Amino acid sequence: PANHNAKPAEALVQELYTGLSAEQKSQVVMPWNHGAGPNQLPTRMRMYNAPINANRIGTAYTPAQQELVERILRSISSDEDGYRKITRGGTFDGSKSLQGCGAYIFGDPTNNRQFAWVFAGHHITVRCDGNSEPDTAFGGPMYYGHSPEGYSNRNVFYYQTRSVLSVFDSLTQAQRRQAVVTGTPGELEPSVRFRAAGFPGISNANLTADQRRLVETVMRDVLSPFRREDADEVMQIVRRNGGLERIHLAFYRDGGATDNNWH
């Protein structure tokens, strides 16, 4: 990968943190469990479609620190192509620029303490979790998209749409009746309910060997913009929890929709 001689993201986050003034820390550093409540995810574990607060990179950080933020973003990317996809060709989608996004540190990245670095902007929430929690990849949900419709080849993630459609196209009518769900998937909150009441969609265990191979390709494609160690960690966790056979696939359709465009 392009970053093989670069510092790992974790070291760069520590460098960013130690260079912040007290005033900057009040703007972009939050406690590890900031925002957590009885029915509330911590701020660090949510998905965002914009900077988390008004403190954007362009106003919260010095030019040298902004360059460091960009290096962190590059270091969590698989390579130059992964960085191009995550930044939507350098446009950052509706954010228009790196400076229009937000970058935040939760916890304390020094002396092996718990921390997470979260980068948030229009159609993007990506993160570096410093392996602060065992058996947890990324430390929270990854969210990324591009304004051109997902079925347009102008969308930088169109290859993922094609990959997912190859699975749907392979399903029988009976399998589709299981796999299609009306509504939206939401964020992390439903996952606890799913564990108790069953996951939506169709189980990978109920697919043929050929179909399961297509699902494996989807997994690789979804993880491809991110650095190899994070993608490998995801697959190791999947294997430890019973393998791809335990994964469920749900094709979410808007209520009243008549086409095959899925969430």
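Tutor: Start with a definition. A charge sits over a ring if NZ of Lys or CZ of Arg is within 6 Å of the ring centre and within 35 degrees of the ring normal. Keep in mind that this is a predicted model.

Student: What makes the charged end of Arg 74 sit over the ring of Tyr 83?

Tutor: The charged end of Arg 74 is 3.9 Å from the centre of the Tyr 83 ring. The cut-off is within 6 Å, so the distance passes. Lys 85 also lies over a ring face, that of Tyr 159, at 4.4 Å from the ring centre.

Student: How many aromatic pairs does a search of the whole structure find?

Tutor: Six. One of them is Trp 117 with Phe 119, at 5.9 Å centre to centre and 40° between the planes.

Student: Why is the pair of Trp 117 and Phe 119 called tilted?

Tutor: Centres must lie within 6.5 Å, and 5.9 Å does. Stacked needs under 30 degrees and edge-to-face over 60, so 40° is tilted.

Student: How do you know that Trp 117 is buried?

Tutor: Buried means under 20% relative accessible area, and Trp 117 has 0%, so the label holds. Phe 119 is also at 0%, and therefore buried.

Student: What makes the pair of Tyr 144 and Phe 226 edge-to-face?

Tutor: The planes are 70° apart, which is over 60, so the pair is edge-to-face. The centres are 5.7 Å apart.

Student: Where in the chain are Tyr 144 and Phe 226?

Tutor: Tyr 144 is in strand β5, and Phe 226 is in the loop between α9 and α10. They are 82 residues apart, so the pair links distant parts of the chain. Both are buried. Together with Phe 138 and Phe 157, they form one aromatic cluster.

Note on methods. Residues are numbered from 1 along each chain as its sequence is written. This is a predicted model: local features need pLDDT of at least 70, side-chain atom pairs count only at pLDDT 80 or more; totals for chains, interfaces and linings use all residues. Side-chain values use heavy atoms; hydrogens and water are left out. Buried means under 20% relative accessible area, exposed over 50%, partly exposed in between (1.4 Å probe, protein chains only). Helices (H or I, at least four residues) and strands (E, at least two) are DSSP runs, numbered from the N terminus.
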